[in-house]
Amino acid sequence: MGMTVEKTYQAGDAIESKCNRCKDVRMHVVVAMDGGEIVKVQCKTCGSLHKHPKPKKAATKRRGARSVAKTVKALKNAAEQVQDWENALNGKDMGAAKPFGAEGSAVVGGLIDHPKFGVGVVQKIVPPNKMEVLFRNGPKLMVQSM
Ligand SMILES: [Zn+2]
């Protein structure tokens with residue numbers, strides 16, 4: 001992983017390679033070379049001769065990098081989301097949150113306490129009977145009462 005400088009081998013050098021007979025990575029001796037590439041190796045454990053598989057590059061590495069970038073983005077979005085939620089709660093009394101569905105809880109700027117999503121801030125009322133509530137996990141459109 002992340003090897004930029006490739007060691008150059010020559011016949012007689014020792015190298016780790018997957019041995020088909022031992023079915024494991026074993027120390028091998030380079031037997032034949034072709035232009036800077038190892039073409040044949042001999043297992044030091046069982047003595048069998050076989051081809052040396054070319055090292056796999058790029059493909060898996062690229063996929064790994066992309067999924068990391070995606071995770072970072074998701075984390076960033078989640079962090080921003082929590083920040084929005086904290087800003088919305090700023091200056092409000094968490095203890096004043098009304099249980100979700102309680103009478104008078106559907107008020108813009110009011111806090112409600114949802115059994116599943118936690119404390120949220122009512123962002124807007126959506127007629128006839130819904131409201132958008134900003135929870136820690138993001139805004140949700142909900143029916144005003146259960
Ligand atoms: Zn072997």
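**Reading the strands**

5 strands form an open sheet in the order E5-E6-E7-E8-E9, and the pairing is mixed. Its edge strands are E5 (98-99) and E9 (138-143), each pairing on one side only.

Me: What kind of model is this, and how are residues numbered?
Reply: This is a predicted model: local features need pLDDT of at least 70, side-chain atom pairs count only at pLDDT 80 or more, and totals for chains, interfaces and linings use all residues. Residues are numbered from 1 along each chain as its sequence is written.

Me: What counts as a strand, and when do two strands pair?
Reply: A strand is a DSSP run of E, at least two residues, numbered from the N terminus. Two strands pair if DSSP finds at least two bridges between them. Take E7 and strand E8 (residues 130-135): 5 bridges join them, and they run antiparallel. Val122 stands opposite Val133 in E8.

Me: How do side chains sit along a strand?
Reply: In a regular strand they alternate between the two faces of the sheet.

Me: Which strands form a hairpin with E3?
Reply: E2 does, with 2 residues between; Gly35 in that turn has a positive phi of about 60 degrees. E2 (residues 24-34) and E3 (residues 37-43) pair in the antiparallel sense over 6 bridges. E4 also forms a hairpin with E3, with 5 residues between, and Gly47 in the turn has a positive phi of about 80 degrees. Gln42 is the bridge partner of Val29, and Gln42 also stands opposite Leu49 in E4.

Me: Is Pro115 buried or exposed?
Reply: Buried takes 20 or more other C-beta atoms within 10 Å of the residue's own, exposed 12 or fewer, partly exposed in between; C-beta atoms are placed from the backbone. Pro115 counts as exposed because it has 9 C-beta neighbours inside 10 Å. Pro115 is in the loop between E6 (111-114) and E7 (118-126).

Conventions. Helices (H or I, at least four residues) and strands (E, at least two) are DSSP runs, numbered from the N terminus.
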